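Keep the structure open in your viewer and follow along.

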Amino acid sequence: MSTATYTVKGMTCGHCVSSVKEEVAEVAGVTSVEVDLASGALTVVSESPVDQARISAAVEEAGYELAGAS
C-alpha cells in the first residue's frame, strides 16, 4: 500500500469535497480517498504509488487545483 498527501486549492463546501473524492477515486489503483475541507488535505491510498500527474488531472477534472504534494 502507498499513501500520498496533497493540498487542493479552491474547495469551499461539502460538494467540493465530494467532487474531488469522486474524481480521484476513479484513478486506476486508488483504493481510498480522504479530503479535509478545512485544510484542503487530500490523502490518497493506493495499491502502489500513483503518478502525481494522474491525481492532479483528476483534481482538475473536479474543477480544482493541486497546490502540492508531501
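## Stop 1: a loop and its surroundings

Select Ser48, which sits in the loop between β3 and α2. Ser48 is partly exposed, with a relative accessible area of 43%. On this scale buried means under 20% relative accessible area, exposed over 50%, and partly exposed in between, using a 1.4 Å probe and protein chains only. Ser48 and Gly29 are 19 residues apart in sequence, and their C-alpha atoms are 7.0 Å apart in space.

A word on the model before moving on. This is a predicted model, in which local features need pLDDT of at least 70 and side-chain atom pairs count only at pLDDT 80 or more, while totals for chains, interfaces and linings use all residues. Residues are numbered from 1 along each chain as its sequence is written, and side-chain values use heavy atoms, with hydrogens and water left out.

## Stop 2: colour by confidence

Colour the chain by pLDDT, the predictor's confidence in each residue, from 0 to 100. The chain has a mean of 95, and 96% of its residues reach 70 or more. Select strand β2 (residues 30-36): confidence is highest there, at a mean of 98. Then select strand β4 (residues 65-69), where confidence is lowest, at 81.

## Stop 3: helix α1

Select residues 14-25. This is helix α1, with 12 residues. From first C-alpha to last, α1 reaches 16 Å, close to the 16 Å expected at 1.5 Å a residue. The expected span is 1.5 Å times one less than the number of residues.

Which residues of α1 are buried? They are Cys16, Val17, Ser19, Val20 and Val24. These cover an arc of only 165° around the axis, so they lie on the same side of α1. The arc is taken from the directions from the helix axis to the C-beta atoms. An α-helix has 3.6 residues a turn, so residues three or four places apart point the same way.

The face away from its buried side carries the exposed residues His15 and Glu22.

Go back to Ser19. At 17% relative accessibility, Ser19 counts as buried.

## Stop 4: helix α2

Select residues 52-61 for helix α2. Its buried residues are Ile55, Ser56, Ala58 and Val59. Seen down the axis, they fall within an arc of 160°, so they line one face of α2.

Ala53 is also in α2. Ala53 is partly exposed, with a relative accessible area of 48%. After α2 comes Gly63, whose phi is positive, near 100°.

## Stop 5: the cavity

How many cavities of 30 Å³ or more are there? The count is one. A cavity is a set of points on a 1 Å grid over the protein atoms alone where a 1.4 Å probe fits but cannot get out, and lining residues have an atom within 4 Å of a point. Grid points are joined across faces, edges and corners, and the volume is the space filled by probe spheres set on the points.

The largest cavity holds about 40 Å³. Select its lining: Ser2, Thr3, Ala4, Tyr6, Val44, Ser46, Pro49, Val50 and Ile55. β1 (2-9) gives the most, with four residues.

Methods:
On a 1 Å grid over the protein atoms alone, a cavity is a set of points where a 1.4 Å probe fits but cannot get out, and a pocket is an open set with protein on both sides within 12 Å along at least five of seven lines; lining residues have an atom within 4 Å of a point. Helices (H or I, at least four residues) and strands (E, at least two) are DSSP runs, numbered from the N terminus.
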